[in-house]
Amino acid sequence: MASQEKMPIRGRSRSRGRARGQDPGPPGILSREPAPEVAVKEVGGLVGRGRQKKAPVPFTEEAALEISAGFRQVKIGERGGRRRDFHDGGINTRLTMEHVQTSKTGSSGSAIQLSANFFRIVSRPQWVLYQYHVDFKPPMEARRLRTALLFQHEQVLGSAHCFDGTILFLPQRLDDKVTVLHSRTRNGEDVQLTVTLTNELPPTSPVCLQLYNIIFRRVLRILGLQQIGRNYYNPKDPLNISQHRLTIWPGYATAILQYESSIMLCTDVSHKVLRSETVLNFMENLRQKCGSHNFSDICAKELVGLIVLTKYNNKTYRIDDIAWDQTPFNTFKRGDTDTSFKDYYKNQYGLEITDCNQVLLVSHVKKVAPGQTPPGPALLIPELCYFTGLTDKMRADYTIMKDLSAHTRLGPEQRAGRLLRFSSTLNNDTEALGELQKWGLNFDKQLLKLTGRVLPPERLFQQSRSYGYNPRTADWSKEMRGLPVIHSPPLQNWLLLYTRQKSREAQGLLETLYKVAAPLKISLQKPVMIEYEDHPESLLRTLQHNVRAETQMVVVILNSNRKDKYDCIKKYLCVDCPTPSQCVVARTISRPQALMTIATKIVLQMACKIGGELWSVEIPLKQLMVVGVDCYHDIAAGKRSIGALVASLNQNMNRWYSKVKLQSRGQEIMDGLKMAFAGALKDYYKFNKCFPSRIIVYRDGVGDGQLHTIVNYEVAQIVESIKSIGQDYMPKLSVVVVKKRINCRLFEHSNGKVLNPPPGTVVDSEVTRPEWYDFYIISQAVTFGSVSPTHYNVVYDTSGLKPDHMQRLTYKLCHMYYNWQGIIAVPAPCQYAHKLAFLVGQSLHKEPNVALDDLLFYL
Amino acid sequence: MNPWFKPSLHRQRHEFVIDFVRRNKPKKVVDLGCAECSLLQKLRFHRQIELLVGVDLNGHKLRKKMHGLAPLATDYLQPTWNQLCVQLYQGCLTQKDARFRGFDLATAIELIEHLPLDDLKRFCEVLFGYMAPQTVIISTPNSDFNQLFPLTTAFRHSDHKFEWSREEFQSWSQNVCSKFGYKAKFSGVGQAPPGQEQTIGFCTQIAVFDRLAAAATADTLSDGAEDAFPYLQVYNVTYPSLRDRNILRKTLVSELLYWAEKMKNEWLEKMTTGDREEANPVEEKGKREEGAFEEIFWTNDQEPRCLTLHRHVAVPLLLLWNRCPNLREMSASVANLSQLLIDVPQIKMNGLRSAVIICSQERDLGDEGPNDLLDSGYAESSYVREEHWVLGDE
């Protein structure tokens, strides 16, 4: 778990594996190939394939505009050969937008002094990296051998070097442009190596940056940190949450990149959750809990998609399947002989497998060593594996999450302190410093200081009344008390379902609903009260009997929050019999002192589910359609992805069209949403009798390293579906990529204290990227922990909108999420799309009924 | 490597050593001339080894490779009783270093052929005479085998100072044995093609020297007066082990809390379902472990401070001890267990120190929290509010 702070709307229920993107893995055919990477041994230094991985992206007209910054063809291959560019380097979208060439900064608001979790890199000014090509005669196949042969000449090449098998990087120039060296293999074969200078790279070139990152990872290792996934963690000082057998390792996420005006190291505190029990222990416990009759289903559901660490190497594997027919006695080919897993681990690693009946785990290893056929899936022994991270079930477990956040949540003061401590550890470790200095690297010791702006708070409108809110708390639940909402269809025909045990709660809720609805001017008639039996089947039958075409709303009081009943209600009422519904868990309405607050929220939620409009902010642009797109990756259900699109239908941004597409693995999200996009335009026409003249798309759910797909592919898809309306229809279009899970943190310094910056803080310099039109906004307020800014990257923009207006409009949209009487972290359409995708991915597994398209039924 | 060996020759040499380690279980092992540390990399998994040391002349190489010898992430997750310390030294093997005496096993894999004969002589004195490990494994190329290679040069590697035939190696070894009190056995890895096994032998010849019992005391104190430490330590890492009292205590506390929590939940379950399902008392009893659960008791009366705020459950140590084999293994006795838990801030105990006091949360919170299944807005808001309450403002 990356340290995620709890705050009002952060998509806490985010899907597992989102950040991993949609990396279509190789089709997995289970073979009896060796699971253990028998031949793989730690080879130090930097070896890898010097081969470029081309993005399999169809190149379109629009995409042709996108020009990468160059040097993309040269990449340093690393050990393992596979590394995606998680930093989305080399995508130069700003070039294509005329109006932000000279400046992409806004002007509204008041200045605020901030610091950010960035450390400047202080290098020699003329720092240049020398790139050499190394030729072997006779040609040598094995990369390890090539490396060994080359570094017989360390005295010529120097101790700082980076070699991936073909390309050699040195921090200093060799005397000659071409250097010929002679080596001998252990077989006595003479090899001639020709080292030719091919390039001199400035420190800002992507290759240089990549190299900085590689070197820095070495340094983290020197500091005694362990790599797990992408980040580094300290195993020596763990926090234990013993009740759940969880261990948390504190660590850091780091990246060195070219930011707006300088190269900087961005570091954030990260926490890794590990489990101090093996996968086998976990499976045994699970079997005990759920019995053996549908154990295999439950087990697969829990395990697939999880990442494990093994006892015999430091690699992580993702569980893709369970091989129910395999045991540690099964054999694989090792050299010429068949070896059983049991013997292999005993002989190689001294690891005794005690349970010989355990089934094996399957992981599709994606990495392919050069010159080899792709290995079959790796088979892993549960007894030798440990989980990392959390399961979805744990994420949904309130007590676990509460305990976790108590340990991992850091306030701004603590976080800034930890970052400074990291900086001083780095600067006081002679070995680490030595490694950096070999390459002439040096980091600033202080956090980066920068100036941001705080946008003025918005005014909210409800009919003729308007009001403001406390700018620090960004919440107006108190202010809107007793004010009539803009519009709410009268609720005349609705059902209230409850079980016999909870009839008192039902009665209490109903009375309170009447009480709170009156001042809000939400007209509420008496519902039909129906008792149901507490079983999914009988609940479904009750629904089938009582929900009619004219039913406007179904409210169900659930005895507990068992997922099956909830799913059953939602499936029936969202797919088969389209009716807005509202579930309430009995426990939450059992506390009389909180009932008024809760009933208010419920009645507001009910109102917007049937097409009510609660409040609005002033949107100065006319004929504007705002679109939110998000996706959800359902790993358990065969890696299916769900794309959701939500589009505004009126000027006030309080009616929304929505569409969901389920797609198979590996398919791009926009393929399905093209139709949805056209649908949204037609629906807009129905509401407004015209098509929008401006469209702004907020695209959420983009993983690290996936930006190129959006830029090169999705934008074109959107343009195409606009064209499908008519050749002469040319609205202004902006596409903004929204990212919440980023490592950037901002701090406000006030009276010697470190605080979270207030809602409305905008940063559009220093920590942005020069090749993008991007900015950060902190729109939400958090009570605990440190706030995380949201990153907005405008990748396509024909609107001509000034950056200042783009920022302000984005901020306004963060006020428009009706399920929260406050400002949220992302524009409302993103959050709506997220909710919708999540509902479909978690409960419906089908596309909702078209009759619900214009309603916020998914709230 | 030579393409006709599978697995590669170098791996076969390592496997020879590993095989020896598995069979003889030496506790202190040193690899002389460890170079890339690849043998150490493999040996560290064999956790009957407690001290694993590598020496090489090339300190740069060691520094580059040493981090690969750090414990694995998983070594920290469930520490075992095995202890392991890995150390690397930069040093010249013709010098005596007092830290290298008393090893159970010393290996010199493909090392001696890189030493000029003078150095080899001194190396022998240091290794067999001074360090005097219980066992020495030495491997070196067998020049008899070279006729199968298309060698253009005298030796297989340009840095080799010599390559011996089987006879030469064996006579050198016998010499060493008689001088320092060892007994040698010869074998090798890298089989010659069928039919030539006898005439040519192994590609790599290996001698395993065992120190004779009689010689055991001969050298021990002779140089004692002038202990010197000329080797430079470049790396030293201790693997997490339960023998470290801090780690033991941490692991113990974790395990204890886990089981206490689990037993508390089972107990509460029993309390709530128990009165409803009295129809089956016999079966219920059968499930209980020696009637143990009756001993868990509510302790509203124990801690007056807690009483006013929460309810607590006391889980007797004895029950935990009986239930969890890991606890037994870690603490050896209940008294010891109780002793180990003194001053552990996470653990509350009763006055007699015979039971762990665990807070019993509101049952409703149960497995699933309020933030999951509800229609969201309300769930989201209630979650936030819960936190207000937890911290007690408002």
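This is a short walk through a few local features of the structure above.

Okay, ground rules. This is a predicted model, where local features need pLDDT of at least 70 and side-chain atom pairs count only at pLDDT 80 or more, while totals for chains, interfaces and linings use all residues. Residues are numbered from 1 along each chain as its sequence is written, chains are lettered from A and ligands numbered from 1 in the order in which they are written, and side-chain values use heavy atoms, with hydrogens and water left out.

Let's start inside. The largest nonpolar core holds 113 residues. By that I mean buried Ala, Val, Leu, Ile, Met, Phe, Trp, Tyr and Cys residues joined through side-chain atoms within 4.5 Å, and buried means under 20% relative accessible area with a 1.4 Å probe, protein chains only. Among the residues with the most contacts inside that core are A:W494, A:W615 and A:Y858. What does A:W494 touch, leaving aside its neighbours within four places in sequence? Its contacts (heavy atoms within 4.5 Å) include A:L510, A:K526, A:P527 and A:M606.

Next, helices. Here helices (H or I, at least four residues) and strands (E, at least two) are DSSP runs, numbered from the N terminus. Helix 17 of chain A covers residues 707-723. Of its 17 residues, 15 are buried, so the rest of the structure largely encloses it. There's a bend of about 35° at A:E714, taken as the angle between axes fitted to the seven residues ending there and the seven starting there.

Now a pair: helix 10 (residues 412-428) and helix 11 (residues 430-438) of chain A. Their axes come within 5 Å and cross at roughly 80°; those axes are lines fitted to C-alpha atoms over the stretch in contact, with angles from 0 to 180 degrees between N-to-C directions. The two helices are therefore roughly perpendicular, a label for 65 to 115 degrees. On the helix 10 side, A:L426, A:N427 and A:N428 make the contact, and helix 11 brings A:T430, A:A432, A:L433 and A:L436.

A few loops in chain A, too. A cis peptide bond, omega about -5°, joins A:K137 and A:P138, and A:P138 sits in the loop between strand 3 and helix 2. A:R245 isn't glycine, yet its phi is positive, near 55°; this residue is buried, at 11% relative accessible area. A:M653 also has a positive phi, near 60°, and is buried at 1%.

Finally, chain B: 13 helices and 12 strands, with 52% of its 394 residues buried.

Note on methods. Buried means under 20% relative accessible area, exposed over 50%, partly exposed in between (1.4 Å probe, protein chains only). The expected span of a helix is 1.5 Å times one less than its number of residues. Angles under 35 degrees count as roughly parallel, over 145 as roughly antiparallel, 65 to 115 as roughly perpendicular and the rest as oblique.
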